[in-house]
Amino acid sequence: MSEKLLEVRNLRTVFHTEEGEMPAVDGVSFRLDSGEVLAIVGESGCGKSVTSLSILKLIPSPGEIVAGEILYKGEDLLKKNTKEMNQIRGEEISMIFQEPMTSLNPVFPIGHQIMESLIYHGEKDKAKAKARAIEMLRLVGFSTPEKAISYFPSQLSGGMRQRVMIAMALTCEPQILIADEPTTALDVTIQAQILRLLKELKEKTGAAIIMITHDLGIVAQIAHNVMVMYAGEAVEYAPVRELYKNPLHPYTKGLLQSIPKINEDHDTLYNIPGMVPGPKDYPKGCRFCPRCEYAGERCEREKPPYVKRADGHRVRCWLYEGGEANDA
Amino acid sequence: MRDQALLKVENLKVYYPVKKKSITSVRQYVRAADGVSFEVYEGEVFGLVGESGCGKSTTGKAIVRLIKPTEGNILFEGKDIFHKSDKKAYRDFNKQIQLIFQDPYSSLDPQFTVGRIIAEPLVVNGMTDAGQRKERVLELMKEVGLRPDHYDKYPHEFSGGQRQRIGVARSLALNPRLLVCDEPVSALDVSIQAQILNLMKELQLAHQLTYIFISHNLSVVKHICDRIAVMYLGHIVEIAGKEELFSHPSHPYTKALLEAIPIPDPDAACMQETLEGDVPSPINPPEGCCFHTRCRYACDECKKKVPELHEVAPGHFSACHLHQNQNKNGGNHGNQTNRSGK
Amino acid sequence: MIKVFLKRFAKKKLSVVAFFVLMFFIFIALFGPRLCKYDPLDQDLRNIYAGISREHWLGTDNLGRDTLTRLVYGARVSLGISFSGVLSGCMIGILLGVCAGYFGKWVDTVICRLIDVMLAFPGLLLAIVISAVLGNGVKNTALAVSIFSVPSIARMVRSVVLGIKNQEYIQACQIVGESNSRVIFTHVIPNAMSQIIVNTTLNLGSAILTASSLSFLGMGVQPPDPEWGTMLNNAMTVIRTSPIGVVMPGICITLVVLSFSLLGDGLRDALDPKLKNV
């Protein structure tokens, strides 16, 4: 459980646009242990997807990783060339996307697409690859996988397609599975099926999962640790129970309060005033400052550090700077 | 308040023809809504919940007359909204019933300024004086939380939440009495979603509005609605008051839906028993009870006979043979029958 | 909005050049004839097939008419035919396309079949048939060009309108009780306009080609009226001895057609609604 698998240090990914450099991810650091489920939560535009794409070096142009280190088993992925990265993608780290409709090739049967990745990663025997594809489809819940391998993506429902995506991602037994909003396009009952499947597969394969989502309900049900992102930065990191019982950052608190809960009643919902700033108008100090009810003068001026507190809780806020801050 | 229904939907059926595969084959239909009936009372928030393809949006669009029903009636204050004989009344329904759209991006004309977008319903409905119109638009903008300097801006200069505010202002322009809200917050981020939900609640109180709130998100529905109808494959399977529905769900599908919601609390028990399988195609829906293919309690009767909505508790209706039979055998509480069903 | 458009358009260097080339030709077509010292129809039989000289900058043709003067007058005819032809064709095309796309059902079926029939003829052949039926001359050539451009524009407009019709803002108008004509004129057409402009520009180029081809084949503008296609035809027989008579109208046609298509490309990129927020 505690063996360190992946460590991201000070990752900075920018997009070069007509109006200059837009930092989508700005100095994000975290670690992932083997067998862990880490959730990265945030609203649209907070940089959570770009973070995950950066890990696989799949940032589309005009984006570029300009600083930081991504250490996978002690080796920096940013120093690897394309060929080495291709070996790592799929075999060591693989990914599933939000939209299963567009992530599968519509002109090939699904079995072919699963075998493809096996053959690419060195499986010579076609019969073996086929057997493995059938095994994978059975694993993700197809009742007749022998028949299912010849289905085309268009013959499957959204939930089934997402299962195929998961099967493809897991065929080469990766150490890390990155799931980018895997259930956002699905209905609740199907979402529940997929989440349960992911949990089961994690037990069976022992893969660590990075779960990117905006849904705090999913996070609570599946994650061990949570990183909350806001405007390209990590603002809070904590074990899941700690985060829900004792959220520190005002943004996290606001988020948790603003979701209507099925098991509680409220007259009006708490809401965070204003909206998420775009990369070109990030405030100078704390990026949450204009929307924060506790914001003081210092928050406007200086950027708060990402401090570590007890129980592995990390937070980026001047409220929790501890003794030093009071003296200064 | 409960005396007369503001809106009454009676046996609404909307079928879309499917393209024939060959000339000889029988024409098939997508049964988007297949016998939907409910009543909405003045001043309440009525929720329509269900997964994609259950017909909730189709029902909503029929109420604002964007879709013509294949069968059935929609009565607003007792008058058929599709009846064309009285021209004035027919036009008047436009002012009384309005829609708030799901997608704040495609629901605003990109070539129009905010002021013109909100003024458009007024222009069409005979407010000719430009000064008066502008005054009204600014008043509406203030009400939904937009600044006067937004008047001359274009929609693409706004974020999703603000665009949704523009949409709300437009739908309020004609002082409607009934607002059909088609997934108004599902395209928005959580923090913005809360802002819009609060705004809608405030507006409802300020103008004594009646809402039909369509959503797939049960938590949101629970927050805002008074009475809720659960839909599945074009049918309403359960209608009940909010408290009753969430504390004593009666239909197996409602229970499964409630079970499937991930609760934002790591210690809460949920998602234990998930439904198997997918929603069947609405082109050839299963015979009998539409839910029997996925229902844990399905029996032979469910495969043959379509269950009717019947009262399991005061004001709580459910369409399931399980309770119907229990009731006949002397059980009279929906909730008890539930447990015996397990 | 206009600022953004100009900024983006300015980035396409080739399109900007094309724009100025076209402006030059249009200027020539409008004001050129006042600057010429010859009449395009004046013959000077003592001076046929003259080379480049101070009197005749681009030489003369088989009847001793000044080539430059005829090119300048020809610009007026060629551009006039293509503009009037395409614009009138465009009006009809927009009308048909909007009706087909917006109303759908049987209206769509009828209009689509009509377009299919028109597109089934090879384009030039259709134009030839039209001018053969209607007779020659400037007006009829313009008419042929106009009929020629209707189907492609109608089809383009139809597909654009189909996309717009499914946008929710159109439904929003219907809910407040807007009439179909108001929806079409205030919402559908303005939103389709950028694509209509791009396509019309591209069509103008091919219209020039059609008009010149017709004239070249003797089915369009008739001699002695100056038109680039007619001039080509006229000078073709002596291409070996006096190539300049062929080369100059050829260059003019090429430049104008190329410029229209480059301008169209530039406009397409600058008006692309997908990039609106960038």
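Modeller: In β2(A), A:Leu6 has A:Leu32 as its bridge partner. This is a predicted model, in which local features need pLDDT of at least 70 and side-chain atom pairs count only at pLDDT 80 or more, while totals for chains, interfaces and linings use all residues. Residues are numbered from 1 along each chain as its sequence is written, with chains lettered from A and ligands numbered from 1 in the order in which they are written.

Biologist: What makes β1 and β2 of chain A a pair?

Modeller: Two strands pair if DSSP finds at least two bridges between them. Strand β1 (residues 4-17) and strand β2 (residues 20-33) of chain A have 11 bridges, in the antiparallel sense, so they pair under that rule. A hairpin of 2 residues connects β1(A) to β2(A).

Biologist: With which other strand does β1(A) pair in the antiparallel sense over 8 bridges?

Modeller: That strand is β4 (residues 63-72) of chain A. Opposite A:Glu7 stands A:Leu71 in β4(A).

Biologist: What makes something a strand or a helix here?

Modeller: Both are DSSP runs, numbered from the N terminus: helices are H or I with at least four residues, strands are E with at least two. By that count chain C has 10 helices and 0 strands. The C-alpha trace of chain C spans about 75 × 45 × 30 Å along its principal axes.

Biologist: Why is α3(C) called oblique to α8(C)?

Modeller: Helix α3 (residues 67-103) and helix α8 (residues 180-216) of chain C pack at an angle of about 140°, with axes 8 Å apart. Axes are lines fitted to C-alpha atoms, for helices over the stretch in contact, and angles run from 0 to 180 degrees between N-to-C directions. Under 35 degrees is roughly parallel, over 145 roughly antiparallel, 65 to 115 roughly perpendicular, and the rest oblique. The angle of about 140° therefore makes α3(C) oblique to α8(C).

Biologist: What is the handedness of the crossing of α3(C) and α8(C)?

Modeller: The crossing is right-handed.

Biologist: How many nonpolar, polar and charged residues are in the contact of α3(C) with α8(C)?

Modeller: There are 15 nonpolar, 6 polar and no charged residues. Ala, Val, Leu, Ile, Met, Phe, Trp, Tyr, Cys and Pro count as nonpolar, Asp, Glu, Lys and Arg as charged, and the others, Gly among them, as polar.

Biologist: How many residues of chain B are in contact with chain A?

Modeller: Contact needs C-beta atoms, placed from the backbone, within 7 Å. By this test, 34 residues of chain B touch 38 residues of chain A. The most on the chain B side, 8 residues, come from α6(B). That side has 18 nonpolar, 10 polar and 6 charged residues.

Biologist: Where are the domains of chain A?

Modeller: Domain 1 is 4-92 + 174-325 and domain 2 is 100-173, with bounds taken from an automatic or database domain assignment. Their C-alpha centres lie 30 Å apart. The contact between them takes 13 residues from domain 1 and 13 residues from domain 2.

Biologist: Why are β6 and β11 of chain A called edge strands?

Modeller: The open sheet has 8 strands with mixed pairing, in the order β6-β7-β8-β3-β9-β10-β12-β11 (chain A). β6 (93-96) and β11 (307-308) of chain A each pair on one side only, and are its edge strands.

How values were computed: A crossing is left-handed if the near helix is turned anticlockwise from the far one by less than a right angle, and right-handed if clockwise. Two residues are in contact if their C-beta atoms, placed from the backbone, lie within 7 Å.
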